[in-house]
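Trainee: I would like a close look at a single part of this model, and then an account of how the rest is put together around it. Please keep it to what can be checked on the coordinates.

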Amino acid sequence: MDEIVNELQAVPWPVVAPIIIIQFLLMVIALIDCLRRGGETKGPQWVWILVIVFGGIFGPIIYFLFGRRND
Amino acid sequence: MRQWIILFKKEVKESIRNFKWIWIPVVFILLGLTQPVVSYYLPDLLEQFGGLPEGAAAAFPVPTGSQVLAETLGQFSQIGLLVLVLAFMGAVAGERNNGTNIMILVKPVSYASYISAKWAHMVLLALVSFTAGFIFSVYYTFLLIESVPAAHIIQGALVYGLWLTFVVTVVLTLSTIIKSPAAVAFLTFGVTITLSLMSSLLPEIMTWSPGMLSSHSHSFFMNGYGNEGFWLSLMCTILMIAVMLSLAIYVFRKKEMAVHTT
Amino acid sequence: MSLIKTDNLTKTFNGTNAVDGINLNIREGACTALLGPNGAGKTTTLNLLTGLMNPTKGKISFDKRYSGDRRKYLGYLPQYPKFYGWMTGIEYVVYAGELGGLTASEARTRAEELLNLVGLTDAGKKRISGYSGGMKQRLGIAQALVHNPKLIILDEPVSALDPIGRREVLELMKRLKETTSILFSTHVLHDAEQISDDIYIIQDGRVVINGGLEELQKKYQQPTVHIETEENLEEWSMSLESAPWVRHLKAEKQKLTVTAESIEDARNALLTDERLRQLKLNKFEIEKTSLEDLFMEVTK
């Protein structure tokens, strides 16, 4: 337990936090887009939601590039 | 000119609506932020988790500021370019395949404006994304590692911006010639990878190549001037961009917009 | 006054002539129909007129009073109009208007006016991706009209629509022809007869028949006699084939349809025919046809 706390404290949060925030932002934008489109995605919407949320930095990118039907 | 602006504004509006103007800059910012952080903490991380023998971590010293900036450009050249090319591969082909261009081109619209407005929008989006990402990268590099002369950074960034413009122009031109967006992307990667590889393997005979521009920009970061042959490759690149753009317009004019079906 | 004239207009695809020496003369102020079965070359002809395709041979000349880029004076609606789904209806019409040379404020006023005309005032604020087929067709007409063209060209404007959408669009076209010249293609004779002044019937890339609607109707309207009997009349019908008043006949078991030169001769000849009486007449009907038979015949 102590070890984990130590390691967490060792993480340079002021430096890493912006990265996490921006990555989160990207995910949120992708989610908004995906949900707003309703069924207008290529393939089932719920799959894309999983991709966006659990795909790390590449999840939202892959969604934006390949998940959307052109209109 | 007025018509050109109308066409250009439509491109911008479209990319705002489909979030391209948000997500592509955000991806570049993320890449720009991550690289200095990784470079700075890599030796630490290796020491802690790498299970390396004592002293091996010393083989991974914290790089200099200009090295980190060059590494950032490396990220842009991989993931960044991948994103740009895939996002733009259907620029012309897409509208032709779904037929939306027909109703636009029966209006008194100049084909040259139609293509060049698309090109300008793609270039603008690419350069704005690159600039945004690079600003964050520079800030973190200064914060974590060391500062690099501003003039060096700006010159290097301009040179790299030209390389991005070149790649975007390749996408646009191929997208005018080829119907399939996937083939457009594939060929663009083929062209850029070949140019980059050839330029690093055979620098002597590839001095003219746009693929040399990234290494010139690295040199600008480090020294404030480009490598030998910089001006040649700069001029060649600008020339090739102009030629490709004219070719795209020429091909587009020659093509019949309506597709014969029955 | 003719707006567009074509001279020996020809378009070849892989060695076959989709359009084969067509001469059109589109009058200003008239509604002209290109009528023909699918694959006759109507769409190709229209594509040549709009400049979306280049003719293999032949010439298109536009009224000399309107100089420069022909597209300035043309509005066009393709058979399957494809819009930017991310735009709203009004945005699209404004965009089309600005591309057509209107200023931003002119385009705005004109777009509102036209959306009102085609009945899309409220829907105009919604994204086009949610529009029905009929709405898209009406939006398509609005965008074709926005820059005040001299001629609007509509490719099968009603064929993809359900009966209600069809009636809406035809009604709209009736109103439009008061103010604009219209050229439209269709494969349905009835649509052409309802609204057009001039008709070109096209088959295999050639004009088979053309002229004013009334003139054609007068010329080709033929009295037709429908006969039904108890017994098989095929054998008897053979004897009619050589009769001078018969233009065309078709017999099938107990049914016979005869197209006659003159209705008097036909009536006299048939009603005095002893053998017809023996076949036990069930039905004797005289009908004046529309252009239907003509259309069927030339496009056979």
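Trainee: Take chain A as the part. Among contacts in chain A between residues at least 6 apart in sequence, what percentage join residues at least 24 apart?

Mentor: The figure is 47%, counted among contacts in chain A between residues at least 6 apart in sequence. Bear in mind throughout that this is a predicted model.

Chain A has four helices and zero strands, and its order along the sequence is α-α-α-α. Its C-alpha atoms occupy a box of roughly 50 × 20 × 15 Å along the principal axes. The radius of gyration of chain A is 16 Å, whereas a compact globule of 71 residues would come near 11 Å. Of the 71 residues in chain A, 18% are buried.

The contact between the two chains uses 16 residues of chain A and 16 residues of chain B. On the side of chain B that touches chain A, the elements giving two or more residues are helix 2 (20-49), helix 3 (65-88) and helix 4 (93-98) of chain B. Helix 2 of chain B contributes the most there, nine residues. By type, that side of chain B has 13 nonpolar residues, three polar and no charged.

Chain B also meets chain C, in a contact with 22 residues from chain B and 28 residues from chain C. On the side of chain C that touches chain B, two or more residues come from each of helix 1 (42-50), strand 6 (74-77) and helix 2 (89-99) of chain C. Helix 2 of chain C has the largest share, four residues. The composition of this side of chain C is 14 nonpolar, nine polar and five charged.

Leaving aside residues up to four places away in sequence, Val171(B) touches Val85(B), Phe88(B), Met89(B), Ala91(B), Val184(B) and Thr188(B).

Chain C is divided into domain 1 (2-218) and domain 2 (221-298), and the C-alpha centres of the two lie 41 Å apart. Their contact takes nine residues from domain 1 of chain C and six residues from domain 2 of chain C. On the domain 1 side, helix 6 (189-195), strand 9 (198-203), strand 10 (206-212) and helix 7 (213-220) of chain C each give two or more residues. Helix 7 of chain C gives the most, with three residues. The domain 1 side divides into five nonpolar, two polar and two charged residues.

Five of its six residues are buried, so strand 9 of chain C is largely enclosed by the rest of the structure. Strand 9 of chain C pairs with strand 4 (residues 31-35) of chain C in the parallel sense, over four bridges; here Thr32(C) has Asp198(C) as its bridge partner. With strand 10 of chain C the pairing is antiparallel, over six bridges, and Ile202(C) is bridged to Val207(C). The hairpin of strand 9 and strand 10 of chain C has two residues between the strands, and Asp204(C) takes a positive phi near 50° in this hairpin.

Two further residues of chain C have positive phi. Asn14(C), which is not a glycine, has phi near 45° and sits in the loop between strand 1 (2-13) and strand 2 (16-22) of chain C. Asn14(C) has 6 other C-beta atoms within 10 Å, so it is exposed. Lys280(C) is also not a glycine, and its phi is about 65°. Lys280(C) lies in the loop between helix 10 (274-278) and strand 14 (281-288) of chain C. Lys280(C) counts as exposed because it has 12 C-beta neighbours inside 10 Å, and 12 or fewer is the cut-off for that label.

Note on methods: Residues are numbered from 1 along each chain as its sequence is written. Chains are lettered from A and ligands numbered from 1 in the order in which they are written. This is a predicted model: local features need pLDDT of at least 70, side-chain atom pairs count only at pLDDT 80 or more; totals for chains, interfaces and linings use all residues. Two residues are in contact if their C-beta atoms, placed from the backbone, lie within 7 Å. Ala, Val, Leu, Ile, Met, Phe, Trp, Tyr, Cys and Pro count as nonpolar, Asp, Glu, Lys and Arg as charged, and the others, Gly among them, as polar. Domain bounds come from an automatic or database domain assignment. A residue is buried if 20 or more other C-beta atoms lie within 10 Å of its own, exposed if 12 or fewer, and partly exposed in between; C-beta atoms are placed from the backbone. The radius of gyration is taken over C-alpha atoms; the globule rule is 2.2 Å times the number of residues to the power 0.38. Two strands pair if DSSP finds at least two bridges between them.
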